[in-house]
Amino acid sequence: MVTRIVRYAQIVDVLSKYGFGIGLEKIFPGRARFRLPQTGTKSDASTIYERIRLALEELGPTFVKFGQIMSTRTELLPPEMIEQLKKLQDHAKPIPFSEVMAVIEENCPDWQDCFCDIEETPVASASIGQVHRAYLKDGTKVALKVRRPRIDEIIETDLQILESMAERMEMVFPETRLYNPTGMVDDFAHQIVKELDFMHDARNADRMARNFRDVPGIKFPKIYWEFSTPHVLVMEFIEGVRIDDPEAMVQMGLDPHEIGVRGFHAYLKMIFEDGFFHGDPHPGNLFVTKEGDIVFLDFGVVGILRPEKRQNFINLLFALVNDDIELMIRSLEGFGIVIAEEDREGLRDDLYIMMHDFSGGGEGVSHFDFGLMVNELTDSMRRYRLKVPMNLMLLLKVFMMVLDIGLRLDPNFNFGTEVTPYLTKLADTNTLSAGYVKRASMTLLEAADAILDMPRNVNLMLRRLSTGTFKLEIVDTDLQKLQMALDRASDKVMIGLVVASLVIGSSLVLQSASFTLPKEVTWIAIGAFTAAVLTGFYAVYHVVFLKFRMER
C-alpha cells in the first residue's frame, strides 16, 4: 500500500527532476529535500509546458487524467499549455496476467462457469483498467475489462495530495485564485471516482444504446450485466478500424466523408435531442466496422445537458453562425457566466472583431471556421477572466474533437454547412415540442397560482397590520455596524462617568473630611484620583489619535 508520505516523496522527486522544485519548496517549506533537474535529462531541452506534460506522464494515472481534464479549460490556461496537455495519452505498462486473474477470481469466483477462455495478452492497457479478449461458454467473443489492483488506493492518496497542493498554492500564490485550483481538483475528483466504478461505464453505454436503438449505422457495445461488477466489465468485443483511418475505410469499400457526416450528426443528436453525450471522442474510442457501423467505446466521461442548457447552446451556435453578438452574450449568461458591467462593451468589441475575422466575411456558412472562432472566444473569456462552467467547456471540446475527425476523413468537411440545417430544423421542431409545451404550461400554471393567491396574501398582510402582529425584519451590514458603534460609544460614556465620579469622590474625600482620615484611606483616595486622571488622559489621547487617523 502506497502511503501518503512515500507518495509525497515520489511526486517531489519527479517535479524536481523537471525543474519545479523551487515552486514546491515555497508551497511546502521544510517538508522535503528538493533536488535540481539532473544534467542531461530530457527536461533540459523542453519548454516549461512540455516539462509539465512529461512530469504528469511520469507521475502516473491520476495526474495524466488530471491533465487530460484540464486540457478542456481553454478559457483559463495558455494555448501552448493546452496543446501539450492534449498530447497526454492514457497508456500504461500492462500488469502481469496473474494479477488480472486475481481480480477476476475475487469478483467472479465462478468465472470458469462463465468463460471458456481468457487470452493472456491484453488488447489494451490504460491507467485504470486493462482489456483482454475472452470467450463465453457459448463461444461468444467478449472484451473483459479488469480494474488494476489497488488503483483506488493510489488515486485516493493522489487526490489528497492534489487537494493539499491546491489549497497551499492559493495561500502562497494569491494570484492563482483566479484559476480556482481547489475547484479544478474538486471537479476532477468527482469525475475520476466515477471512472473507478465500471458499472458507471456500463450504465452510460446502455443508456446511449437505448437512445440510438432506432438510428441505423450507430452502435454501442452490448453489456453482459450478469458477468459484470464494479471491478470487472464484460461487453461485446468490437472489431474494426479507428475512425481516423480513411485509407482502411476505402479498402473496406466505405466512404470516409459519409462516415464523418454520420458521426457528426450522431453527436448532434446526443447533445441537442438526448442531452446525454459521449465526452471523450478521441479516435481510439470510435471504431468503424466492416459493415460501416460507427461504434462508440469508453463511457467513463459523459456530458449531461438539461433542456434549458440545450437551448442556450443552440442559441450560441446560431449566434456564431449568424454573427449575432447580443444573442451570444445572452447565451453565455444562460450558462451562468457572469459578465461585469464594465467589461460588456470591451467584450462586445472583441466578439464583433472575432465574428468578422473568422465567420467568412459574409461569404456564407461554407467559409465558416468553427475552430478558429472557438479559440478566439476562449481567448476573450480568458482576457476578461470569465468563469466558465465545465459542461460548456466539455461541449466545446467535444465539438472541436469531432470536427477534427471530420476534417481528417474529408478535408472539405465544413462545420457551418453541416450544423446550420440541423439547428434550423431543430429550432422549428422545438417551437411546439412536447417538452417546450410542458415547460410553457408549467410556467403559466405557476403564474396563475401566484395571481389566485394574491388576494389571500393581501388580506393576510392587512389583517396582521390591523392587529399589530405584522413584523418587518431588516438585515443589513451597515445597521449591524451602526449598532456595534453605538455599543462601543455607550461603553466609553459609562467608563467616562465612572472615571469622573472617582475624580470627584476622591477630591471630596481628601478635601472635605472634618476629621483626620486614616493613613490607608488617604493613600487609597490618592491612588484612585491618580488612576482616574491617567485614564482620562489616555481616553482623550485615544479619541484625538483616532480622529487624526480617520481624517488622514
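So, how many aromatic pairs does the count come to? The count comes to 13, where rings of Phe, Tyr and Trp (its six-membered ring) pair if their centres lie within 6.5 Å.

Quick housekeeping. This is a predicted model, so local features need pLDDT of at least 70, side-chain atom pairs count only at pLDDT 80 or more, and totals for chains, interfaces and linings use all residues. Numbering runs from 1 along each chain as its sequence is written, and side-chain values use heavy atoms, with hydrogens and water left out.

Okay, back to the rings. Take F220 and F299: their centres are 6.0 Å apart and their planes sit at 45°, so we call the pair tilted; planes under 30 degrees apart would be stacked, over 60 edge-to-face, and the rest are tilted. This pair links distant parts of the chain, with F220 in the loop between β4 and β5 and F299 in the loop between β9 (294-296) and β10 (302-304), 79 residues apart. By the way, helices (H or I, at least four residues) and strands (E, at least two) are DSSP runs, numbered from the N terminus. F220 is buried at 8% relative accessible area, and F299 is buried at 3%. Buried here means under 20%, exposed over 50%, partly exposed in between, with a 1.4 Å probe and protein chains only.

Next, F272 and F399, also a tilted pair: 6.4 Å centre to centre, 50° between the planes. F272 is in helix α12 (residues 256-274) and F399 in helix α17 (residues 390-409), 127 residues apart. Both F272 and F399 are buried. They also belong to one aromatic cluster, together with F264, F313, F335, F413 and Y422.

Some rings have a charge over them, meaning NZ of Lys or CZ of Arg within 6 Å of the ring centre and within 35 degrees of the ring normal. R207 lies over the face of F276, 4.0 Å from the ring centre, and K269 over F212 at 4.6 Å.

Now, S228. You'll find S228 in the loop between β4 (218-219) and β5 (232-236). Is S228 buried or exposed? Buried, with a relative accessible area of 10%. A polar atom of the S228 side chain lies 3.1 Å from the backbone nitrogen of V234. Leaving aside residues up to four places away in sequence, S228 touches M199, I223, L233 and V234, with contact meaning heavy atoms within 4.5 Å.

Last stop, the hairpin: β1 and β2, with three residues between them. Six bridges join β1 (residues 115-125) to β2 (residues 129-136), running antiparallel, and F115 has L136 as its bridge partner in β2.

How values were computed
Polar contact = N/O pair within 3.5 Å; in protein donor to acceptor, adjacent residues only side chain to side chain. Pairing = 2+ DSSP bridges.
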